[in-house]
Amino acid sequence: MSEKILVTRSSMPSFEEYAEMIKPLWESHWLTNMGQLHKEFEKSLKEYLGVDGISLMVNGHMSLEMALTAMKLPEGSEVITTPFTFISTTHAIVRNGFKPVFCDIKMSDYTIDENKMEALVTEKTAAILPVHVYGQICAVDQIRQIADKYNLKVIYDAAHAFGVTCDGKGVGCFGDASTFSFHATKVFHSIEGGAVTFHNPDLYRTLYNLKNFGIRSEEVVAEVGANAKMNEFSAAMGICNLRHIEQEIAKRRKVVEKYRELLRGQEGIRLLDEQEGVKSNYAYFPILIDETRFPKTRNQVYTELREQNIFARKYFYPLTSDQACFRNRYRDVDLTNARYVSDRILVLPLYADLELENVEKIVECILR
């Protein structure tokens, strides 16, 4: 195949729509520091996500770091989390001075296994940080029950779950906070960006301080903070893309349905089931390749697809717990399911404008 098919491609509004949105910036010269577009974007997102409170950030990682900091957990706290996630999740815990405690995942949906979570709680445990993986939603009710029992904070990494609802409720409504990434590769993006959603109205002021150096006025710095503000150009892109998000998700759904049609029942290839009561955003299309029942291993399929200019991704491999920066510190932790999935998972190309005929070519290459 001569044309490169990447694992994802950013959706964008028309040039004219974006240019019209940013035109006033040449009049105001207000490019950052919570300007008019920032305020408009924040308001629109709050309505779309159906959340009580929201704070925009420069990116998804800082959203997670700031959310953890805002919880004011005791120094040296343990945070129960999943190893089957992007490295940002684990880094946010470590960079806050907390210890990640890794819990295995479920084979049914690759999210953290709530049935193995309670055994990991110690006197140092202060929070749970689950991840909605590929838009698959964690067992939010059971996690809340465990958190309530042990008085733990719950911060969800919802980077994969923008626009997802569970029993009609927006995914940003769960836990003490949820964090989103608006990176250019996501279903919804603002070039770079992120947000924290929450219930407690006091968190808005706390997060504002944290993302703006703790500055409250020209002469008052109320607390130690960072610089995690979203700029006006990103806010403008977010406003434009939010206008088209439902159409984008509908396009992605057609791609996913075509993949399912062509791969359903294929020996040695496992697809994730759709979750009951969950409205998906069709963020990713992962397949698990069982080398005992399929002629090739995941790595062989990955390599041969690249030779055909099809760029799938081993997402997530290795596990965050097994990355070089942790120097085998967690190698003895029982993460049987997570390691099994990590060694066999392959995320196929998926974006709104992916032609269905190219989906057919991708599947043909895999099956061939």
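Is L73 buried or exposed? In this predicted model, L73 is buried, with a relative accessible area of 12%. That value falls in the buried class because the class covers residues under 20% relative accessible area.

L73 sits in the loop that links α4 (60-70) to β2 (78-81). Leaving aside residues up to four places away in sequence, L73 touches V79, F98, A126, A127 and K153.

A second pair has a sequence separation of 25 residues: K39 and S14, with 22 Å between their C-alpha atoms. K39 belongs to helix α3 (residues 36-49). K39 is partly exposed, at 49% relative accessibility; the class follows because exposed means over 50% and buried means under 20%.

F213 is placed in the loop between α8 (202-211) and α9 (232-243). With a relative accessible area of 39%, F213 is partly exposed. Together with I215 and V221, F213 makes a nonpolar surface patch of about 250 Å².

The accessibility values are set out below.

| Residue | Relative accessible area | Class |
|---|---|---|
| L73 | 12% | buried |
| F213 | 39% | partly exposed |
| K39 | 49% | partly exposed |

Conventions:
Residues numbered from 1 in each chain as written. Predicted model: local features only at pLDDT ≥ 70, side-chain atom pairs only at ≥ 80, totals over all residues. Heavy atoms only, no water. Patch = residues over 30% accessible without salt bridge, like charges linked within 9 Å, V, L, I, M, F, W, Y side chains within 5 Å. Areas by Shrake-Rupley, 256 points an atom, 1.4 Å probe, with all protein chains shown as cover. Salt bridge = Lys/Arg side-chain N within 4 Å of Asp/Glu carboxyl O. Helix = DSSP H or I, 4+ residues; strand = E, 2+ residues; numbered from the N terminus. Buried < 20%, exposed > 50% of the residue type's maximum accessible area, 1.4 Å probe, protein only. Contact = heavy atoms within 4.5 Å.
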